[in-house]
Amino acid sequence: MALDAERIRKDFPILESVYNGKKLVYLDNAATTQKPRQVIDRISEYYRTYNANIHRGMYAISVKATEEYVRSKEMAAKFINAGSYREIIYTRNTTESLNVLALALGEKLSRGDTVLISTMEHHSNIVPWQMLARRKGIALEYVDVAEDKSSLDMEGLKAKLERKPKIVSMTMASNVLGTVNDAKAITRLAHGAGATVILDGAQHVPHMRTDVKELGCDFLAFSSHKMLGPSGIGVLYGKEELLESMEPVLGGGDMIRSVDFQSSTWNELPWKFEAGTSNIEGGIGFGAAIEYLNGIGMDNVKAHEDELTAYALKRFSEIKGMKVHGLKGDRFGERIGVMSFSIDGAHPHDIAQVFDSEGIAIRAGHHCAMPLVTSVLNEDSVARMSFYVYNGKEDIDKVVDAVRKVKAVLKIKD
Ligand code: PLP
């Protein structure tokens, strides 16, 4: 067994909760993950013993808060193998990281330039580019999902790259299909075409080893709350020389070196991009989440999700009328533990409601990927379950029982 989910579960107080008379089975990890005691305690310790603003204080608790905040950035840098914490900018979430890039890099684009994304993207990697396109008159192009309706069309990518897009921004793993894209190949090909490469790691960094040096990407965005950490902290990683060459997007305290009545000069990295008081407790709590994941080991996290994915695919294949989207068969390892599904004759919202009555938390809808769900999968909405380190095979067995209940309640014939 890759990891001891039973033991891990004991670290998560919320998983002791009872809802609708049933112990919570939490399977909405692609939306956000639960928090272990270690993260909750670290945040509580900050508020109880050294709550102070960072950077400016000449007194002990401010110095300690600053040290802990910086230490979490050092851990985040190491977690993705960045050069140093100077390359780690804290934002609110993946969405904000991608918006900052669209604003900062977008400044340098001109009418007629192209940004290339894919039809597999979360709205957070579509809408900021649409806004930029409207503002600056740039073209926004899409690489399609292949005929298997699961993987990225790499030949299509090559064809689109011939038009020399200035920016290529792609997801590393789909929050609907679970597909893990070959981000290293995407980066190599896009760099070959002269593009700046942004990777959306929101569903990759929490689930498998991510090494920015190995990937070679210019920027990477991800969120603390999807990897056991608190909400309100996102990471924008950027290569130091690129961040140095960019203008900040937000102005105010902390991001400056000097200010006079007419102009200002900027602080050093990463503070140049962090205006105003930071989410200090969020950063410190995120450090505890990284420590927790390091304790498990990211290769063990992926192996555990592979085991659960293989088991779920096998069990679901026994259910008539249940369709699982994304890669199957011997390609199950090319996905993270995110599984969208449909049941003939059942609306996804009804599925989610029946699941809820069984204490099982899943999500139903377009999952902030409307173009993918409606145009590629040809569905209005899909049900989605997503695993993490505290889930076990018994959770999947409960899902199978709940699917039977959905069929019984909706009088769907087997
Ligand atoms: N990108 C992907 C692939 C996601 O799954 C999500 C969230 O589900 C996001 C971006 C946005 O993350 P956040 O809401 O933390 O900004």
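How many residues does helix H3 have, and how far does H3 reach from its first C-alpha to its last? Helix H3 (residues 60–79) has 20 residues and reaches 28 Å, close to the 28 Å expected at 1.5 Å a residue. The expected span is 1.5 Å times one less than the number of residues. Helices (H or I, at least four residues) and strands (E, at least two) are DSSP runs, numbered from the N terminus.

The model is predicted: local features need pLDDT of at least 70, side-chain atom pairs count only at pLDDT 80 or more, and totals for chains, interfaces and linings use all residues. Residues are numbered from 1 along each chain as its sequence is written, and side-chain values use heavy atoms, with hydrogens and water left out.

Buried residues of H3 include Tyr-69, Val-70 and Phe-79. Buried means under 20% relative accessible area, exposed over 50%, and partly exposed in between (1.4 Å probe, protein chains only). The cover over the buried residues of H3 includes helix H2 (37–49) and helix H10 (280–296). Just after H3, Asn-81 takes a positive phi of about 60°.

Strand S17 (residues 382–386) is largely enclosed by the rest of the structure, because five of its five residues are buried. In a regular strand, side chains alternate between the two faces of the sheet. Val-382, Arg-384 and Ser-386 point one way from S17, while Ala-383 and Met-385 point the other way.

S17 has antiparallel partners. Four bridges join it to strand S14 (residues 338–343), where Met-339 partners Met-385. Three bridges join S17 to strand S16 (residues 363–365), where Ala-364 partners Ala-383. Two strands pair if DSSP finds at least two bridges between them.

Terms used
Contact = heavy atoms within 4.5 Å.
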